[in-house]
Amino acid sequence: MTDFAVWAPTPAVVGLDIAGVAHPMARSADGWWRTTLDVAPDTRYGYLLDDDPQVLPDPRSARQPDGVHARSAVWDEASLTWTDDDWAGRPAEGAVIYELHVGTFTPAGTFDSAIDKLDHLVDLGVDFVELMPVNAFSGVHGWGYDGVLWYAVHEPYGGPNGLARFVDACHGRGLGVLIDAVFNHLGPSGNYLPRFGPYLSDTRNPWGNAINIDGPDSDEVRRYIIDCALRWMRVFHIDGLRLDAVHALVDTTAINILEELSTETDALAAQLGRPLSLVAESDRNDPRTITRREDGGYGITAQWDDDIHHAIHTAVSGERQGYYADFGSMATLATTLRNGFFHAATYSSFRRRRHGRPLPISQIPATRLLAYTCTHDQVGNRALGDRPSQNLTAGQLAIKAALVLLSPYTAMLFMGEEWGARTPFQFFTSHEDPQVARATAEGRKAEFAEHGWNADEIPDPQDPQTFQRSKLAWCELEEQPHLQLLRLYRALIGLRTEIDPAGPWLSQLVIDYDEDRRWIAMHRGPLLVVCNLSEDTVSVPASGELVLAWGSPTVGREITQLPGHTFAVLRPAR
């Protein structure tokens, strides 16, 4: 027997449709409708609301074999086969995380084909794989942030069974898995939730109506979010979530939904006997996000830190447009590395207001902040989706990698970064609704045209070639300079274990720099990282045993000579 249940306080009547036959459902006082039927696995079903003949998918559907507009399919988690009983889990703090998009990571773009590349990640030395959203969204390919059925796994990737095989394979190789979860908005195509109940609020965010997490009848909506989050970790053995744009979760209640989610995640971790992590994307620069609940914070494990990205990228590349305007100097880079946030109750010229709050570096370890040289956002939301490797020299890429991977922060890479992939990662969609497809393409062109780009150069998100161009070219690993850069990434990740005794505290991090000569030195425990960001050879007051280098530095007894765009890792003489 299969239990069918749906929260639908809005319609007066709800029926269960199976193979064109309507079955009555009973309503309880809390707005839930229920019935139990004897059906076979993979049976297609949906709900009928009032007198509307359209059959709608289940808001908590586990499978959508025919897309988000079609009927749901009965699926039993008991169908999953696991071999990871010995997996004890691992914490995300201090780890090296590898972000990837399933559809473009391999030519086939599936969970099963991604398994074939896991040994590459093991050899690289990463600890976690972070999957961009794999929930069900409209169309065959897309970034996944336009999800409309959060409980279902995108079928073209391999559906729920494919995801389980992928997670099981990762755990068998010692890799943890994080999933990018989007709870701040719903996609524009296939969103039928408002017909069931008050899932949306009148509040707006950049993507449309915000989710109703603090208005009337919001308790069940909050439950919908939290149950979904816990389900990824319980049913699919996921080791944690990356929470998309939590600053867009408008919550005026006394117990913020992030605090509520972290409380229940910790309880589930205790029940499962393995660590579970929540990593937030937040542009608030608010330490409360990653402050422990007992100290008055929300208790989120860690958060992305765009200030670190901006400080490193601008200092190395020279770019200053848009939100990069306040960054670029060596002083800004040093300040950001030392303090975690650059904007900390300071004026942001891009926002035209004060922004952020100082990080209490004696209370919050650096490992609760993620540092990175690029992400899907920092690449894909450029007009052409061009990577740093398409614009910078190998030496500049090496410097960026050294500053991130040898810093005290939790580190994250974006797929292909480790070998300097030359393929772009562009914004692509496959909306089935012609009106939504046209609006998406036109909006993308208009947005970048306002910033001076030729609209004709902006890739059409709906063009299948935009998606195809964004797939990694693994053949690059057979060529130079890609192999040389890959060897460097492996060496840098390997060095992190040697630096570990330095601890995660920013109070122990010492930074020296020269603004005019554009060099910076980062003292981390037993090692010293010196980088020359200029094109000219510079003399840095540093000496010691050479441990690792890019380029041909000359290490003297008191001075190290660094050619342009090179770095050296030294073990100072005792």
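Five strands are arranged in an open sheet, in the order β22-β23-β24-β29-β26, and their pairing is antiparallel. The edges of this sheet are formed by β22 (510-514) and β26 (545-550), each of which pairs on one side only. On average, and with direction ignored, neighbouring strands of the sheet are turned by 15° against each other. The model described here is a predicted one.

Within the sheet, strand β24 (residues 527-532) and strand β29 (residues 566-571) pair in the antiparallel sense over five bridges, and N532 has T566 of β29 as its bridge partner. Two helices pack on this sheet. Helix α9 touches β22 and β23 (519-524), and the direction of α9 makes about 175° with that of β22. Helix α14, in turn, touches β23, β24, β26 and β29, and the direction of α14 makes about 140° with that of β26.

Helix α9 also has a helical partner. Two packed helices are described by the angle between their axes and the distance between the axes. For helix α8 (residues 306-317) and helix α9 (residues 330-339), the packing angle is about 150° and the axes lie 9 Å apart; since angles over 145 degrees count as roughly antiparallel, α8 and α9 are therefore roughly antiparallel to each other. The crossing in which α8 passes α9 is left-handed. On the side of α8, the contact is made by D307, I308, A311, I312 and A315, while α9 contributes T332, L333 and T336. Sorted by class, the residues in the contact of α8 with α9 comprise five nonpolar, two polar and one charged.

A further open sheet consists of three strands in the order β25-β28-β27, and here too the pairing is antiparallel. The edge positions are taken by β25 (538-540) and β27 (554-555), each of which has a single partner strand, so that one side of each is left without a neighbour in the sheet. The pairing of β27 with strand β28 (residues 560-562) is antiparallel and runs over two bridges, and T554 has Q561 of β28 as its bridge partner.

Because its relative accessible area is 38%, E479 is classed as partly exposed, a class that lies between buried, under 20%, and exposed, over 50%. Although E479 and W419 are 60 residues apart along the chain, their C-alpha atoms are separated by 9.8 Å.

Conventions
Residues numbered from 1 in each chain as written. Predicted model: local features only at pLDDT ≥ 70, side-chain atom pairs only at ≥ 80, totals over all residues. Heavy atoms only, no water. Axes fitted to C-alpha atoms, helices over the stretch in contact; angles between N-to-C directions. Helix = DSSP H or I, 4+ residues; strand = E, 2+ residues; numbered from the N terminus. Parallel < 35°, antiparallel > 145°, perpendicular 65-115°, else oblique. Left-handed = near helix turned anticlockwise from the far one by under 90°. Contact = heavy atoms within 4.5 Å. Nonpolar A, V, L, I, M, F, W, Y, C, P; charged D, E, K, R; others polar. Buried < 20%, exposed > 50% of the residue type's maximum accessible area, 1.4 Å probe, protein only. Pairing = 2+ DSSP bridges.
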